[in-house]
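Subject: Structure handover

Hello,

Here is the structure I promised to pass on to you. Please have a look at it first, and then read on for what turned up.

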Amino acid sequence: MKPRTATLLCAALLAAAPVHAEHASPAELANNTAAPLVAGREYMVLANHPNNLSVIDLADNTVLKTCALPDAYGPGLLQISPDHRQAWLLNNRFGSIYGVELDSCNVIFSANMSLAADERTKSVLSLAISPDGKEIYTVQNPSRIYVDRYEVQQPRLAVYDTASGLDAKPVRTFPMPRQLSVMQTGADGTLYVAGPDVYKVDVKTGKYEVAMPILNWNRPGYGAPDVLNAWPVQTITREFAFLYTAPKFKDDKQDIASADFVWGIMSIDLRTGAVSVADFAPLTEVYFTGIRSPKNPNHLFTVLNVLRKYDIKEQKLLASADVGHAYYQASVNHDGSRVYLSGTLHDIAVFDAETLEKITTIPLPGGDQATNTAQVFIR
Amino acid sequence: MNNKPIACATLTALALVASAPGDAAERQINVPNLIMERCSICHADDLGRLVRISAQRKTPEGWLMTVVRMQQQHDLGLSDDERRALVKYLADTQGLAPAETEGARYVLERRLNTVENFSSEQFTQMCARCHSGARVALQRRTATEWERLVNFHLSQFPTLEYQALGRDRDWFGIATNEIVPYLAKNFAYGDEQWQKWKQTPRAPVAGEWSLSGHLPGRGDFNAVMSVSQRANDHYALELRGNYADGGALIGQGAAVVYTGYEWRGKVEINGVEMRQVFALKGDILEGRMFVADHDEVGADVLAARQDGGASRVLAVQPSYLKTGTATELSIIGSNFDGELVLPAGIKVEKLLSRTPGRIVIRALADKRALGTHQVKVGAAEGGELAVFDKLDRIEVVPPYAIARVGGNGGPAPKVDARFEALAWAKGPRGEYRVGYVPAKWSVAPFNEDAKRDRDVEFAGSIDAKTGVFTPSFAGPNPLRHLMTNNAGNLAVIAEISAGGKPLTAQGQLIVTVQRWNNPPIP
């Protein structure tokens, strides 16, 4: 495998202490920050450098507006409220959460992940909103900062009331295991959190149990899978999905050297909690994300250096397209006619979901998107 | 890929030696006072003891990295003179014994193509994936201090436990419960060796040194290095010598000896700034001398002290003779006293010159001398001289190297890779090493991917004569698929002709992206 496909993990080594100033170039902000979103219209929202939040009108693939965000950029991870009026962001170098009113660009909520003066706390890609929009959830990884040393503390689930305004404090906190990251809420309010396995958490009591094993999946005939999920996409199909790679053994000897490596998708249906696991291709190419078509959930779009469309059941490649430069995230629109690629540089590529023909590129005001998360919704 | 060379890390390179003679101010500084004044605000306990600082030992470069972090992350104010004085003091009072650096000096010497190989796979995966494992092996700490280091890592780099080789395991649990005890056992603070080294009398340094070296891409050289003391552990240097190709080697500079043996020099040689990282072992200096801002360009150096040192043979240049071909040989050493004795079968056709550090002869060997030998001058014996009739095979050295794209308006310069062909011959007692021979160099795709992506065309080019590979420019290349950068995976091929028959060998060269940070210990 080429060195270039493996660069993300090295680049993503986040220094917790501010080291360098972020991009200084001023954002070429669209000046219509007050332009309201129109009910019934379909939009995509995402964040990028230096610290922008852009709303894209998917009817004509243009940038409707760009809001300037407070503090520093990174990772620009975003969730849309159930009423589709606010964007909730993990930002400020993984250190703060913000609520932004999309019609006005006003910041209506902010919370610093550090809850004490002698604490330095980061949330690693962990943010979700309750189905009624009243609470947001995040897992915080604190360290105690002594005058001459640091001490790693146990992570905690922090629950915030979305109506708490600026400088909000959590209404509840619960101890959590380490290495938790992306999350989503189920229709019944269950919080699903990805980590070594995917846990389901009762947000009232903090009790958790394994909902979908990953590291401990013990799938007969397979070795442990590897999962990279930094993109908690609120899919139109309402699933919490993870692409995995795993060794599939030839026989009972479980010899890793002769095993075939496969790609697969494992997911939790957020409406029912049902779990599904399915291989869909041999491991020949690296992908960062995959998303099912809302038109046909058996069709999967995957992307990094190339955009692919697979039939999951048949384990068959249906279409493939060159993408110009790498994109981390694939999204789809509600009728399943388009695929949007985002992440990395400062554009969004639009493809026809049927043919994978390129339709257009939408340039974004500002710079690099890095590992942001884009969301698609109908206002 | 397993054979991965030393990985990514932070901090920029900082000189350990001031420009001579600008270090007078540095030597005026009272370091214990400085520590009490600047460090104790954060580091003294109720009894005024410097708890953290006193429970670690490391190399000068190790201390440099820590002190620079105090400046960059903890707003510690220090002038450059103060920093150098502080690092000197800490390395002298809490350094490593020479034996404690054995096997890990390649990072100090900046041999960045070294492929590390630790017996513990767990240690390698946990602690040698972002930086070298040698960075760890060159420290000694109490268990508490190793544990605090683990806590520092995860607090400073919170995504560490989510990355590849982090998310597949309980990183913090393993680091705390398995790696800390492993480190506390294998790299314990209170080592006997350090106590013993502290009692060992320090070797004298001033005087003349006879120096021999080998610079890949150019060849052998020898020189006389005159060392004069300017202050305790601080020296001025002058070098005068020649490359085997006839070019002069002239330079001057300064050196500081840390911890009684860690020689760090900064010299300008023929107008190029170079660093010396040597270990002083009695009357011997051994290590590497490299271009300051191109550490891939560097020579192995071995030197012996003439004044008061032993009589020694250090090297024979070139290190081989072909039977029946009269060849000029230089025997480099120190305090030569007595007759030059060559093994049976080697005849001195003519003595060309002789000084106490260098004997130059024209020699002719016959079949009786086939094999490898040491050379005797009086009571001294050393060097290596191989006599061959026919070369049997060659190998590419290093077998695996990294070059980095650079330039193109970016801050990072290109990093070359330099290859040599090492020749071997067969004798009745098996194979023996002959030495580096001139070869014809070329590159080819290393595998199918490299062929498909036309890496040979994009990644750079190799000088057919010197074996120096110069990588291509940095940044995306619009001519490449996906506008990717000029990375590549190449086979490096050496070819020589041995008695009319071609001999070839192959190495691997990875051309990759720039190294953004260049810490004192990679």
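**Cysteines**

Both A:Cys67 and A:Cys105 are buried, where buried means under 20% relative accessible area, exposed over 50% and partly exposed in between (1.4 Å probe, protein chains only). Before going further, a note on the source: this is a predicted model, in which local features need pLDDT of at least 70 and side-chain atom pairs count only at pLDDT 80 or more, while totals for chains, interfaces and linings use all residues. Residues are numbered from 1 along each chain as its sequence is written, chains are lettered from A and ligands numbered from 1 in the order in which they are written, and side-chain values use heavy atoms, with hydrogens and water left out.

How many disulfides does a search of the whole structure find? There is one over all chains, a disulfide being a pair of cysteine sulfur atoms within 2.5 Å. A:Cys67 and A:Cys105 form a disulfide with their sulfur atoms 2.1 Å apart. This pair links distant parts of chain A, 38 residues apart: A:Cys67 lies in strand E3 (residues 62-68), and A:Cys105 in the loop between strand E6 (96-101) and strand E7 (107-112). Helices (H or I, at least four residues) and strands (E, at least two) are DSSP runs, numbered from the N terminus. The link of A:Cys67 and A:Cys105 is left-handed, with -70° about the S-S bond.

In chain B, the sulfur of B:Cys39 has its closest cysteine sulfur in B:Cys42, but at 8.8 Å that is too far for a bond. B:Cys39 is buried, with a relative accessible area of 12%. Likewise, the sulfur of B:Cys127 is 9.5 Å from the closest cysteine sulfur, in B:Cys130, too far for a bond.

**Aromatic rings**

The count comes to 24 aromatic pairs over all chains; rings of Phe, Tyr and Trp (its six-membered ring) pair if their centres lie within 6.5 Å, and planes under 30 degrees apart count as stacked, over 60 as edge-to-face and the rest as tilted. One of them is the tilted pair of B:Trp146 and B:Phe187, 6.5 Å centre to centre with 55° between the planes. B:Trp146 is buried, with a relative accessible area of 1%, and B:Phe187 counts as buried at 13% relative accessibility.

In chain A, A:Trp263, A:Phe280, A:Tyr287 and A:Tyr310 form one aromatic cluster.

Happy reading!
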